[in-house]
Amino acid sequence: MPDKVLIYSRFPKAMMVRIGERFELMDAAGKRPSEVFTAEHLSGIRAMITAGGTPLGGTMMDTMPKLKAVVCYGTGYDGVDLAAAAQRKIAVGHSPAANASAVADLAVTLMLAVTRRLLPADNYVRSGNWAAAKPSPLMRPQAGNPGRRVGIYGMGEIGRKIAARVAAFETDVAYFSRSKHDVPYQYLPSLEALAEWCNVLMIAVRAGADTHHAVDADILRKLGKDGYVVNISRGSVIDQKALVAALAEEAIAGAGLDVYEKEPHAPDALTAFPNVVLTPHVGGHTLESHVAMQDCVIANLEAFFAGKPLAHPVR
């Protein structure tokens, strides 16, 4: 008999096909497991799969008294109460770097789209204004990439891949993270210093208590009226109200966002700005990334059920 695994978050069925070939999946479809399964069914659950951003606290863990492994589908694990898991001797695993290339690609795409005003340009053609030779202030020449200063907040796998990509566009690259890394980019001692230095602030840091609203009104002011912010990490890192205010006051030049404080709804205030490019949290949403993430999930589960340490534990 295949081992049983609870699917805690809501996932498209296609993402679980390969995993379902190896394990018996009990899909809660994003609902509280107790609403879908009986206490008797849950009493035997030893492992679960969750999305890293889905809140998972000790109270929920206690509804599955034999639970000993939480496996996150993806790199993030900010929704999991790691202290509660440790108290209950529950191992937590994830998919480190599995989607880093795809996320870095989208970060650069957002940077190019917002700095070159691709959405207003697309509308300028579609509306007929270009054919009619109607003038548009949004079509004025913008600064290009050579010499642009790109600041990266967070120099993990995604941050490194972003840096390599933007460096190829003849930009200057600097970064700030909790520690200095052996990378060929300038290290700045604080997020404030990074924001003052750069033209584009790329957010690639993990979500957590120490990064919650780290990019606030003060950081946005330091970024300045010619500066752009791009966020592909978690929406909680930016104070979204402060961002809306900065855009409304033209305190910054624009933003490219793949993540938001409350998902899946991006607030109407952001959708009104022509200098903001919005995508629906699809940074890691490529075929290759999903295969890599599924490989990590399967490796973690196979190790756990074999009585071994998780293949990709959260450290």
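Biologist: What percentage of the 315 residues of the chain count as buried?

Modeller: This is a predicted model, in which local features need pLDDT of at least 70 and side-chain atom pairs count only at pLDDT 80 or more, while totals for chains, interfaces and linings use all residues. Residues are numbered from 1 along each chain as its sequence is written, and side-chain values use heavy atoms, with hydrogens and water left out. Buried means under 20% relative accessible area, exposed over 50% and partly exposed in between, with a 1.4 Å probe and protein chains only. Of the 315 residues of the chain, the buried share is 47%.

Biologist: Why does the chain count as being as compact as a globular protein of that length?

Modeller: The chain comprises 13 helices and 12 strands (DSSP runs numbered from the N terminus: helices are H or I of at least four residues, strands E of at least two). The radius of gyration is taken over C-alpha atoms, and the globule rule is 2.2 Å times the number of residues to the power 0.38. The rule gives 20 Å for 315 residues, and the chain is close to that, so it is as compact as such a globular protein, with a radius of gyration of 22 Å.

Biologist: In which order do the 5 strands of the open sheet lie?

Modeller: Two strands pair if DSSP finds at least two bridges between them. Strand β1 (residues 4–7) is joined to β2 by 4 bridges, and Val5 has Leu25 of β2 as its bridge partner. β2 (24–27) and β5 (91–93) each have a single partner strand, so they stand at the edges. The pairing is parallel, and the order is β2-β1-β3-β4-β5.

Biologist: Which strands does helix α13 touch?

Modeller: Contact means heavy atoms within 4.5 Å; axes are lines fitted to C-alpha atoms, for helices over the stretch in contact, and angles run from 0 to 180 degrees between N-to-C directions. Helix α1 (residues 13–20) lies across β1, β2, β3 (47–51) and β4 (69–73), at about 150 degrees to β2. Helix α13 (residues 287–305) makes about 170 degrees with β4, and the strands it touches are β1, β3, β4 and β5.

Biologist: Which kind of aromatic pair do Phe304 and Phe305 form?

Modeller: Rings of Phe, Tyr and Trp (its six-membered ring) pair if their centres lie within 6.5 Å; planes under 30 degrees apart count as stacked, over 60 as edge-to-face and the rest as tilted. Phe304 is buried at 11% relative accessibility, and Phe305 is buried at 18%. Their ring centres are 5.0 Å apart and their planes at 65 degrees, so the pair is edge-to-face.
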